[in-house]
Amino acid sequence: MALTKKQKKAIITTGALAAQAAVAPVILRDLQKRSDDEIRGPRLLWRLWGSTNLLGAAVYWFYGRKPEAA
């Protein structure tokens, strides 16, 4: 049985919402434990952008966090 377009859209939307619901608390917890010197840019920007969409979360993980000193 093949899925209709409406069913496929519902599955994709549900998956994206579930992924965002899982990622947002991780981003917020990471921001809470880091100092301002360990974050590129304003903390408020990352809280809003990183916790509201998956693209913002990815950008935070790859660009927003400064590398840890060894």
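This note walks through the salt bridges of the structure above.

1. A word on the basis: this is a predicted model, in which local features need pLDDT of at least 70 and side-chain atom pairs count only at pLDDT 80 or more, while totals for chains, interfaces and linings use all residues. Residues are numbered from 1 along each chain as its sequence is written, and side-chain values use heavy atoms, with hydrogens and water left out.

2. How many salt bridges does a search of the whole structure find? The search gives 3, where a salt bridge is a side-chain nitrogen of Lys or Arg within 4 Å of a carboxyl oxygen of Asp or Glu.

3. Begin with Asp30, whose side chain meets that of Arg34 in a salt bridge at 2.8 Å, N to O. Both Arg34 and Asp30 are buried (buried means under 20% relative accessible area, exposed over 50%, partly exposed in between, with a 1.4 Å probe and protein chains only). For Asp30 the relative accessibility is 7%.

4. Asp30 also forms a salt bridge with Arg65, at 3.5 Å from N to O. This pair links distant parts of the chain, 35 residues apart: Asp30 lies in helix H1 (residues 5-33) and Arg65 in the segment after helix H3 (54-64). Helices here are DSSP runs (H or I, at least four residues), numbered from the N terminus. Arg65 is partly exposed, at 25% relative accessible area.

5. Now look at Asp36 and Arg43, whose side chains meet in a salt bridge at 2.7 Å, N to O.

6. To put the pieces together, salt bridges with shared partners join Asp30, Arg34 and Arg65 into one network.

Conventions: Helix = DSSP H or I, 4+ residues; strand = E, 2+ residues; numbered from the N terminus.
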